[in-house]
Amino acid sequence: MKKSHIVNNIEKYYLGGLSKSVLWKIVNKKATIRFSTEAKNAVGTLSFDIDLPDCSLAIYNTDALLRLINITNEEISIIVSEDNQKLKIQDNKFDLIYHLSEVDAIPSVPDVTESDYDFEFEVNDDFTTGFLKSHNALEKTDNVTLNTSITKQDESIVEIILGERSNHSHKIKFTEPAKFTTPSDLIPFPANVLREILAANKGIKGTIYVSNKGLMKLEFNEDNNPSKYFVVRQQL
């Protein structure tokens with residue numbers, strides 16, 4: 001199997017270290033993973049193809065797993081031990097062992113109750129690149145605020161504002177075309193979570209849905225391997 005395929009999908013839930021402990025449920029050569037950030041401000045699901053038998057793999061330290069896989073060449077094999085306690089990872093040079101955890105050691109993932117979404121807009125390379133550059137320019141600020149409005153040209157847009165809420169703080173604002181019925185209020189979200197989601201799905205088109213009640217949903221689908229994220233608003 002391809003190392004890059006495995007790593008790219010791990011990074012979609014690992015989110016730069018925000019989510020480290022997960023359960024891989026593998027059925028019919030497809031892994032399904034539910035996950036949440038350690039701060040519990042985002043949860044998600046993803047699935048991807050993987051050539052392994054039906055099993056559940058308790059991955060407690062995803063960072064350790066990534067470090068092991070990243071030293072291999074592109075073509076690798078992964079074998080689950082008969083006692084379901086170890087992953088054997090091999091390429092043409094390295095033989096690696098990753099020790100699995102007990103299923104009970106993996107934190108539970110909160111359920112999400114969805115309501116109607118009030119506006120939506122598309123995610124593409126331009127948006128992702130602009131967001132990542134803006135976040136870096138503000139030294140990875142904690143805050144991003146979204147709100148919708150109508151331009152003088154009668155265009156529906158969402159305004160994305162990065163920066164601290166203080167009047168004296170540096171800020172960056174840009175806009176994207178949006179779909180909505182009525183304009184929204186300012187809704188703050190954790191910028192670092194949104195950054196990691198966008199970075200992990202860079203190059204994949206998606207859609208962001210936002211509820212005025214303070215819930216954001218992001219959906220991506222690459223080669224029939226979907227990923228979905230729910231992010232809750234920042235508390236003022």
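Both faces of strand β14 are covered: Gly206, Ile208 and Val210 are buried on one side, and Thr207, Tyr209 and Ser211 are buried on the other. Buried here means under 20% relative accessible area, exposed means over 50%, and partly exposed lies in between (1.4 Å probe, protein chains only). Because 6 of the 6 residues of β14 (residues 206-211) are buried, this strand is largely enclosed by the rest of the structure.

Before going on, note that this is a predicted model, in which local features need pLDDT of at least 70 and side-chain atom pairs count only at pLDDT 80 or more, while totals for chains, interfaces and linings use all residues. Residues are numbered from 1 along each chain as its sequence is written, and side-chain values use heavy atoms, with hydrogens and water left out.

**Strands and their partners**

Strands (E, at least two residues) and helices (H or I, at least four) are DSSP runs, numbered from the N terminus. Two strands pair if DSSP finds at least two bridges between them. In general, strands of a sheet pair through backbone hydrogen bonds, either parallel or antiparallel. Here are some of the antiparallel pairs, each with one pair of bridge partners.

| Strand pair | Bridges | Bridge partners |
|---|---|---|
| β8 (residues 119-123) and β14 | 5 bridges | Val123 and Gly206 |
| β14 and β15 (residues 215-222) | 6 bridges | Val210 and Met216 |
| β1 (residues 22-27) and β4 (residues 55-59) | 5 bridges | Leu23 and Ala58 |
| β10 (residues 156-162) and β11 | 6 bridges | Glu159 and Thr175 |

β1 and β2 form another with 2 residues between the strands, where Asn28 takes a positive phi near 50 degrees.

**An open sheet and its helices**

Next, look for an open sheet of 4 strands in the order β11-β10-β9-β13, with antiparallel pairing. β11 (172-177) and β13 (187-190) stand at the edges with a single partner strand each, so one side of each is left without a neighbour in the sheet. From one strand to the next, the twist averages 25 degrees.

Helix α3 (residues 125-137) packs on this sheet, touching β9 (143-150), β10 and β11, and its direction makes about 170 degrees with that of β11. Such angles run from 0 to 180 degrees between N-to-C directions, with axes fitted to C-alpha atoms, for helices over the stretch in contact.

Which residues of α3 are buried? They are Phe127, Thr128, Phe131, Leu132, Ser134 and His135. These residues cover an arc of only 165 degrees around the axis, which puts them on the same side of α3; the arc is that of the directions from the helix axis to the C-beta atoms. The face turned away from the buried side carries the exposed residues Asp126, Lys133 and Ala137.

**The nonpolar core**

A nonpolar core is a set of buried Ala, Val, Leu, Ile, Met, Phe, Trp, Tyr and Cys residues joined through side-chain atoms within 4.5 Å. The largest one has 61 residues, and those with the most contacts inside it are Trp24, Leu57, Ile59 and Leu146. Helix α4 (residues 191-200) gives the largest share of this core, 6 residues. Contact means heavy atoms within 4.5 Å. Leaving aside neighbours within four places in sequence, Trp24 is in contact with residues including Ile6, Phe48, Leu57 and Leu65.
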